Amino acid sequence: MGAESEPQNFVRLRGELQADVSERTLASGEVVSTFRVIVGRSAAQPRKRSADTIDCVTSQARVRRTLERLKPGSSIEVEGSLQRRFFRSGGVVVSRYEVNVDSLSRRRA
């Protein structure tokens with residue numbers, strides 16, 4: 001089996017930064033930034049909605065520095081992997097999918 005046929009978890013999104021970035025410091029001291037990317041749907045996808053909003057998270061200092069310079073509406077490209085996170089909310093265990101971002105670049109219009 002070749003390397004291209006091996007299972008992999010890789011995500012690339014091209015879209016717009018939805019709103020201001022949120023930062024929080026974990027108990028370990030690690031700083032995590034969370035943000036959302038608005039991604040348009042392709043013509044082949046159902047037209048119930050014309051765009052999706054994707055949750056993203058990063059602890060990469062390089063990515064966080066780039067995010068500091070961006071404003072909502074900025075055109076961006078992110079790369080990373082899809083992860084599922086579990087947490088408690090209102091006494092119930094909930095899960096959410098988000099992209100764990102390894103790289104981010106600003107796209108020129």
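In which loop does Ser 74 lie? Ser 74 is located in the loop between α1 and β5 (75–89), where helices (H or I, at least four residues) and strands (E, at least two) are DSSP runs numbered from the N terminus. The structure is a predicted model, in which local features need pLDDT of at least 70 and side-chain atom pairs count only at pLDDT 80 or more, while totals for chains, interfaces and linings use all residues. Residues are numbered from 1 along each chain as its sequence is written, and side-chain values use heavy atoms, with hydrogens and water left out.

The secondary structure of the protein chain amounts to 1 helix and 6 strands, arranged along the sequence in the pattern β-β-β-β-α-β-β. Of the 109 residues in the protein chain, 26% are buried; buried denotes under 20% relative accessible area, exposed over 50%, and partly exposed the range in between (1.4 Å probe, protein chains only). Among contacts (heavy atoms within 4.5 Å) between residues at least 6 apart in sequence, 55% join residues at least 24 apart.

Ser 74 counts as buried because its relative accessibility is 7%. A polar atom of the Ser 74 side chain lies 2.6 Å from the backbone oxygen of Lys 71. When neighbours within four places in sequence are left aside, Ser 74 is in contact with Gly 15, Glu 16, Leu 17 and Arg 106.

In helix α1 (residues 61–68), the buried residues are Val 63, Arg 64, Thr 66 and Leu 67. These residues lie on the same side of α1, because they cover an arc of only 160 degrees around the axis, the arc being that of the directions from the helix axis to the C-beta atoms. The elements covering the buried residues of α1 include β2, β3, β4 and β6. Glu 68, also in helix α1, is exposed, with a relative accessible area of 61%. The C-alpha atoms of Glu 68 and Val 21 are 7.8 Å apart in space, although the two residues are 47 residues apart in sequence.

Ser 33 is placed in strand β3 and counts as buried at 1% relative accessibility. Residues up to four places away in sequence not being counted, Ser 33 touches Val 21, Ser 22, Glu 23, Cys 56, Val 57, Thr 58, Arg 64 and Leu 67. Arg 64 and Leu 67 also belong to the buried residues of α1. The side chains of Ser 33 and Glu 23 make a polar contact of 3.5 Å. A polar contact is a pair of N or O atoms within 3.5 Å; within protein, one must be able to donate a hydrogen and the other to accept it, and residues adjacent in sequence count only if both atoms are side-chain atoms.

The side chain of Glu 98 is joined to that of Arg 85 by a polar contact of 3.1 Å. Apart from neighbours within four places in sequence, Glu 98 is in contact with Asp 55, Val 57, Ser 81, Leu 82, Gln 83 and Arg 85. Glu 98 and Asp 55 are 43 residues apart in sequence, with a C-alpha to C-alpha distance of 5.0 Å.

The largest pocket has a volume of about 230 Å³. Of the 14 residues lining the largest pocket, Thr 34, Phe 35, Arg 36, Asp 55 and Cys 56 are the closest to its centre. Two or more lining residues are given by each of β2 (22–25), β3 (31–40), β4 (51–58) and β6 (92–106). The lining comprises 4 nonpolar, 3 polar and 7 charged residues; Ala, Val, Leu, Ile, Met, Phe, Trp, Tyr, Cys and Pro count as nonpolar, Asp, Glu, Lys and Arg as charged, and the others, Gly among them, as polar. On a 1 Å grid over the protein atoms alone, a pocket is an open set of points where a 1.4 Å probe fits, with protein on both sides within 12 Å along at least five of seven lines, and lining residues have an atom within 4 Å of a point. Grid points are joined across faces, edges and corners, and the volume is the space filled by probe spheres set on the points.

Gln 18 is situated in the loop between β1 (11–17) and β2 and is partly exposed at 34% relative accessibility. Beyond neighbours within four places in sequence, Gln 18 is in contact with Arg 36, Ile 38, Thr 53 and Pro 72. Ala 19, found in the loop between β1 and β2, counts as partly exposed at 36% relative accessibility.
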